[in-house]
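Trainee: I have a model open and want to talk through its contacts. Can you put it up?
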Amino acid sequence: SVPSRVMEENMLELLYLVENRSLLKSIVTGSFSTSTKKQVHCTRWELPEILGNDRNLNMNQQKAVYLAMHNAVTLIQGPPGTGKTVTGVHIAWWLALENVSKTNENVKNQLYYCAPSNEAVDLVAKMLLNLVKSRNGKLRLLRVYGSATERRKYPGLSIFKRYASSGIAVMQKPESEDLRSIALHHRIRNEKNKDEIARKDATKIVDFETKFVKYQSKEVEPLQPEANKYMELVRNAEQREIEASDVVLCTCIQAGNRRLKKSREHSTVVRTSIVDEAGQCTEPETIVAIIGAVNKIVLIGDHRQLQPVVQNSQVGDVLRKSMFERLSPKAMMLTEQYRMHEDLCLFPSEMFYGGKLETSAEVKKRQGSKNLMWLSCWGHLNRGSTKPYCFIDVRGSVETNSVAADNKGGEESKANLEEADLVISIVQSLVFTYKISQTQIRILTPYTADRKSG
């Protein structure tokens, strides 16, 4: 498959670079050190467009930004609701601006922001794009998707059997339309580009693809010289966009694709690599994302939450331990959470975070008694407790059914009808008896069949 090929190529490259690049060697071996201060009071890095006008970076978030700005390797552990992605965006913004200030005519300094999933990358990309727009910034952002996503929008030559991709087809969620202006496959086809050469090439690419659709309707394939010219146009347009970008946003695996590697070999230097959700990345995934970095590496994640998903039982025990988890003793932790009720926070804090996780004052303010009145609906189920949580053991039978999952083919999924019935009765009680708005209720289940059975 493509991911395994990319990993193999980058592992071979790693064997050479780990002995010839001190930054990469220091993180792979865990020999790096992080200089720090006990307290950091610095609000100059705050971005109100991200935080909102009524919130500031807390002390640990400020410290995290400071560490990333002043150290070659930084690990930031972000428990649930502590704002690790917001902190990551602050770090990305200021390090990208620093990179730009050190760019010269011969070398283009870049920052890579990676994560294991497209959803995580898109979230950060939207936040950075809003920052660029609101600040009239000059940072050039580029969102690079995988070829499967790109072909879904612009199939190009892949509509012909001769050029169709081989291997395992991976179904992915559609790209975010909000990011169209910075997505690589859209930018190379932008016929309104201000750059004259890019604009002309975009028109040629679009003309070729229009012609290919006509060929297909006549069951005719393009001649090889014509196909070669089209592919050359696309490659050149992609390289031009990549080499002009200050920030590249992609999944960890895409950081190792040949388009980006070619750029790094010729005219760009990745000064900084940031990996978000690093606790969910296998170690090879993380290495692919950081292998090009020459100045700074920042890993942001939480090994106490989801581990990497590894379906191969033969290597699962090895790969389920992420690089972030392996190096976690050197991580600094964000300790103030903005998501949970204070009582909900107690269990994860004591169980997973050594009692260090605290609830912010603004969350405590919104925990008035009126918000707890509905808890009486638990009644006998919650043994009269007014705690904002309740565990109910439902001894129902589990059914396994074939269902159509979102953006996937058919799959086996599980459902427990007794559980679903109880959930429905509780929701009805909340809505009709206690007048809770349906928009304030969320029902979560790991199983597609369970969700559909309700």
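Trainee: Is Glu 177 buried or exposed, or partly exposed?
Mentor: Glu 177 is partly exposed, at a relative accessible area of 44%; buried is under 20%, exposed over 50%, and partly exposed in between, with a 1.4 Å probe and protein chains only. This is a predicted model, where local features need pLDDT of at least 70 and side-chain atom pairs count only at pLDDT 80 or more, while totals for chains, interfaces and linings use all residues. Residues are numbered from 1 along each chain as its sequence is written, and side-chain values use heavy atoms, leaving out hydrogens and water.

Trainee: Which side chain does Glu 177 meet in a salt bridge?
Mentor: That of Lys 153, at 3.8 Å from N to O. A salt bridge here is a side-chain nitrogen of Lys or Arg within 4 Å of a carboxyl oxygen of Asp or Glu. Lys 153 lies in helix α7 (residues 147–153) and Glu 177 in the loop between α7 and α8 (184–187), so the pair ties together parts 24 residues apart in sequence. Helices are DSSP runs of H or I with at least four residues, strands are E runs of at least two, and both are numbered from the N terminus. Lys 153 is partly exposed too, at 37%.

Trainee: How many salt bridges does the structure hold?
Mentor: It holds 16. One of them joins Asp 122 and Arg 143 at 2.8 Å, N to O. Asp 122 lies in helix α6 (residues 118–134) and Arg 143 in strand β3, so this pair links parts 21 residues apart in sequence.

Trainee: Are Asp 122 and Arg 143 buried or exposed?
Mentor: Asp 122 is buried at 9% relative accessibility, and Arg 143 is buried at 0%.

Trainee: Which residues form a network of salt bridges?
Mentor: Arg 140, Arg 187 and Glu 241 are linked that way.

Trainee: Now the sheet. What is the strand order?
Mentor: Seven strands form an open sheet, β3-β4-β2-β5-β6-β1-β7, with parallel pairing. Strands pair if DSSP finds at least two bridges between them. The edge strands, pairing on one side only, are β3 (141–143) and β7 (332–333).

Trainee: How many bridges join β2 to β5?
Mentor: Seven, between β2 (residues 108–115) and β5 (residues 268–275). Asn 109 stands opposite Val 269 in β5.
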